[in-house]
Amino acid sequence: MTEVVRFGVVGTGAMARTMVRAMQRRADVRPVAVASGDETRARTFAAALGLASAGADVETLVARSDVDALYVASRNRDHARAVDAAIRSGKPVLVEKPLTPDLERTQALLAAAEGSGVLLVENLWTLLLPAYRALAEQARSGRLGDPVHFRFEFGYPLDPATARTLLDPRDGGVLLDRAIYGVAAAIWLCGPVEMVQAEVQRDRVGGVDLTAAIRLRHASGVRSETVASFSALLSNSARLSCTRGAATLDAPVLPGEWLRTEFHHDGSGGSAGAPSFLKERLRSMPVVRRLRRALSGPRSRFCSFGPDPYGPILEHFSGLVRRGARQSEVLPPALSRSVHEVLARAAGRPAQGS
């Protein structure tokens with residue numbers, strides 16, 4: 001295993017281009033070849049981004065001796081073939097979310113990877129961002145008290161002319177493109193899910209889901225809500241409410257860099273031990289109220305992800321590859337499995353027997 005992890009890239013779309021450029025900004029990874037069902041597109045992609053090789057066959061790409069790992073960013077409906085080829089070859093694979101649009105196929109690939117000891121990571125990259133890690137640390141530290149409720153919103157209107165793949169029901173819809181981030185964060189922060197309730201608005205013509213509200217009850221007792229939309233501008237933030245305070249990832253929640261924390265206070269405007277007449281006097285003074293707000297109000301912390309929001313996931317995944325790890329401790333198969341089960345139930349398409 002070389003120090004630099006060499007990637008074979010499957011797909012030539014916008015996300016593949018974004019991730020190749022992110023790889024090229026790093027010293028620990030290098031994209032070396034690309035495969036696409038359309039060989040002409042693959043060659044054009046390789047020439048534009050300076051990749052050494054391009055072809056149409058995924059199996060040929062996986063078999064190359066200069067490819068250490070696969071990055072899959074083809075159409076969602078085509079992920080399974082490339083992931084299956086990587087598993088059969090024994091090579092680690094980082095695949096864009098959703099792993100597949102079909103729950104049974106997703107579960108089968110996760111089981112195959114676990115059974116073969118092959119590293120398979122679904123690119124739920126936000127959970128590697130410093131701001132999300134800081135949010136998790138706040139949740140587990142006890143400084144804010146016990147977690148009670150988590151709310152995640154991610155939505156802005158799409159232009160149908162430029163978002164055809166996102167609006168194709170064969171590739172997913174808002175549940176698998178946007179709600180997946182909130183559900184993943186909720187399970188990551190709040191634990192296993194006991195109950196799922198969902199309201200989904202679908203396009204009347206194509207049937208693709210456009211807006212979704214998912215409410216979860218976790219085994220920990222925490223409740224969570226994820227709201228995602230292709231048609232409405234939402235707050236694009238995430239908030240964890242606890243018994244003594246709250247932590248908020250301010251907009252934009254993807255990618256997030258600003259974490260705001262606040263603690264509960266009684267709002268008296270004066271010292272808790274002061275006589276009641278003094279408290280009343282202090283509450284009547286605007287300057288004191290303003291000072292109290294400044295001293296006890298929310299605190300914002302900048303949690304930088306560096307030059308590229310995809311840097312943390314590439315650093316994490318390449319480190320796993322170099323160590324020969326079989327699973328990610330942050331993004332294990334169990335997390336992907338739980339997330340996709342929730343999304344399938346929200347869509348009204350649970351796995352057989354569940």
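Does N236 count as buried or exposed, and at what relative accessibility? At 11% relative accessibility, N236 counts as buried; buried means under 20% relative accessible area, exposed over 50% and partly exposed in between, with a 1.4 Å probe and protein chains only. The model is predicted, so local features need pLDDT of at least 70 and side-chain atom pairs count only at pLDDT 80 or more, whereas totals for chains, interfaces and linings use all residues. Residues are numbered from 1 along each chain as its sequence is written, and side-chain values use heavy atoms, with hydrogens and water left out.

N236 lies in the loop between β10 (223–229) and β11 (238–242). Helices (H or I, at least four residues) and strands (E, at least two) are DSSP runs, numbered from the N terminus. The phi of N236 is positive, about 50 degrees, although the residue is not a glycine. Most residues other than glycine have a negative phi, and most peptide bonds are trans. Two cis bonds are described here. The bond from K97 to P98 is cis, with omega near -10 degrees. P98 sits in the loop between β5 (93–95) and α5. A cis peptide bond also joins L254 and P255, with omega about -15 degrees. P255 is placed in the loop between β12 (245–249) and β13 (258–263).

Pockets were located on a 1 Å grid over the protein atoms alone. A pocket is an open set of points where a 1.4 Å probe fits, with protein on both sides within 12 Å along at least five of seven lines. Lining residues have an atom within 4 Å of a point. Grid points are joined across faces, edges and corners, and a volume is the space filled by probe spheres set on the points.

The largest pocket has a volume of about 1200 Å³. Its lining comprises 45 residues, and M15, A73, S74, N76 and T165 are the closest to its centre. Helices α1 (14–24), α4 (79–89) and α7 (174–190) each supply at least two residues of this lining. By class, the lining of the largest pocket holds 22 nonpolar, 13 polar and 10 charged residues. Here Ala, Val, Leu, Ile, Met, Phe, Trp, Tyr, Cys and Pro count as nonpolar, Asp, Glu, Lys and Arg as charged, and the others, Gly among them, as polar.

The second largest pocket has a volume of about 250 Å³. It is lined by 15 residues, with P101, D102, L103, L176 and R349 nearest its centre. Two or more lining residues come from each of α5 (103–116), α7 and α11 (333–347). The largest share, four residues, is from α11. The lining of the second largest pocket has eight nonpolar, three polar and four charged residues.

Aromatic contacts were then examined. Rings of Phe, Tyr and Trp (its six-membered ring) pair if their centres lie within 6.5 Å; planes under 30 degrees apart count as stacked, over 60 as edge-to-face and the rest as tilted. The count comes to six aromatic pairs. The ring centres of F7 and F317 are 5.9 Å apart and the planes are at 35 degrees, so the pair is tilted. F7 lies in strand β1 (residues 5–10) and F317 in helix α10 (residues 311–323), so the pair ties together parts 310 residues apart in sequence. F7 counts as buried at 0% relative accessibility. F317 also counts as buried, at 0%.

The rings of W125 and Y310 are tilted too, because their centres are 4.6 Å apart and their planes are at 55 degrees. This pair links distant parts of the chain, 185 residues apart. W125 is in the loop between β6 (120–122) and α6 (130–141), and Y310 in the loop between β14 (299–302) and α10. Both W125 and Y310 are buried. Ring pairs link W125, F154, Y156, Y181 and Y310 into a cluster.

Charges also sit over rings; the rule requires NZ of Lys or CZ of Arg within 6 Å of the ring centre and within 35 degrees of the ring normal. R178 lies over the face of F154, at 5.2 Å from the ring centre. R140 lies over the face of W188, at 5.5 Å from the ring centre.
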